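Open the model in a viewer and keep the sequence panel beside it. The stops below say what to select next and what is there.

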Amino acid sequence: GDKGALALAESPHLWNLIDLDLMHAELTDRGAAALLDSPVTTNLEHLGLLGDQSLSPEMRARVRERFG
């Protein structure tokens, strides 16, 4: 959920992470935004959020814009 996403977004250990699968993690816009806006996810090439129906259309568009 969002609590885990916020922790990941603040983790100094993710700088080299390129693939993160959080399918069915039940993120809201808050958690997804934390991951998208975090400097530690700069190298992230894939963010799997399939199944997260609680994301707004705007947030889904942001995720698609960054990760395709």
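Start by selecting Glu-26, which counts as exposed at 63% relative accessibility. Here exposed means over 50% relative accessible area, buried under 20%, and partly exposed in between, with a 1.4 Å probe and protein chains only. Areas come from the Shrake-Rupley method with that 1.4 Å probe, and for residues only the protein chains shown count as cover. Glu-26 has a positive phi, near 60°, and is not a glycine. Most residues other than glycine have a negative phi.

Before moving on, note what is on screen. This is a predicted model, in which local features need pLDDT of at least 70 and side-chain atom pairs count only at pLDDT 80 or more, while totals for chains, interfaces and linings use all residues. Residues are numbered from 1 along each chain as its sequence is written, and side-chain values use heavy atoms, with hydrogens and water left out.

**The loop between E1 and H2**

Glu-26 sits in the loop between E1 and H2. Helices (H or I, at least four residues) and strands (E, at least two) are DSSP runs, numbered from the N terminus. Now select His-24, in the loop between strand E1 (19–21) and H2. His-24 is another residue other than glycine with a positive phi, about 65°. His-24 is exposed, at a relative accessible area of 58%.

**The whole chain**

Zoom out. How many helices and strands does the protein have? The secondary structure comes to three helices and two strands, and from the N terminus on the elements run α-β-α-β-α. The radius of gyration is 11 Å, close to the 11 Å that the globule rule gives for 68 residues, so the protein is as compact as a globular protein of that length. That radius is taken over C-alpha atoms, and the rule is 2.2 Å times the number of residues to the power 0.38. The C-alpha trace spans about 30 × 25 × 15 Å along its principal axes.

Buried residues make up 40% of the 68 residues. The accessible surface comes to about 4200 Å², and 55% of it belongs to carbon and sulfur atoms. Among contacts (heavy atoms within 4.5 Å) with a separation of 6 or more, 76% are between residues 24 or more positions apart.

Select Gly-1, in the segment before helix H1 (2–10). Gly-1 is partly exposed, with a relative accessible area of 49%. Leaving aside neighbours within four places in sequence, Gly-1 is in contact with Ala-25, Glu-26 and Leu-27, which leads back to the residue where the tour began. The C-alpha atoms of Gly-1 and Arg-30 are 9.8 Å apart, although 29 residues separate them along the chain.

Next, select H1. Which residues of this helix are buried? They are Asp-2, Ala-5 and Ala-9. These residues cover an arc of only 60° around the axis, which puts them on the same side of H1. The arc is that of the directions from the helix axis to the C-beta atoms. An α-helix has 3.6 residues a turn, so residues three or four places apart point the same way. On the other side of H1, Lys-3 and Glu-10 are exposed. Helix H2 is included in what covers the buried residues of H1.

**The loop between H2 and E2**

Select Ser-38, in the loop between H2 and E2. Is this residue buried or exposed? Ser-38 is buried, with a relative accessible area of 7%. From C-alpha to C-alpha, Ser-38 and Leu-8 are 9.1 Å apart in space and 30 residues apart in sequence.

**Strand E2**

His-46 lies in strand E2 and counts as partly exposed, at 36% relative accessibility. Not counting residues up to four places away in sequence, His-46 touches Ile-18, Asp-19, Leu-20 and Phe-67. His-46 and Val-63 are 9.5 Å apart, C-alpha to C-alpha, and 17 residues apart in sequence.

**Helix H3**

Last, select helix H3 (residues 57–67), where the buried residues are Met-59, Val-63 and Phe-67. Seen down the axis, these residues fall within an arc of 50°, so they line one face of H3. They pack against helix H2 (29–37) and strand E2 (46–48). Turn to the other side of H3, where Pro-57, Glu-58 and Glu-65 are exposed. The tour ends at Gly-68, which follows H3 and has a positive phi, near 85°.
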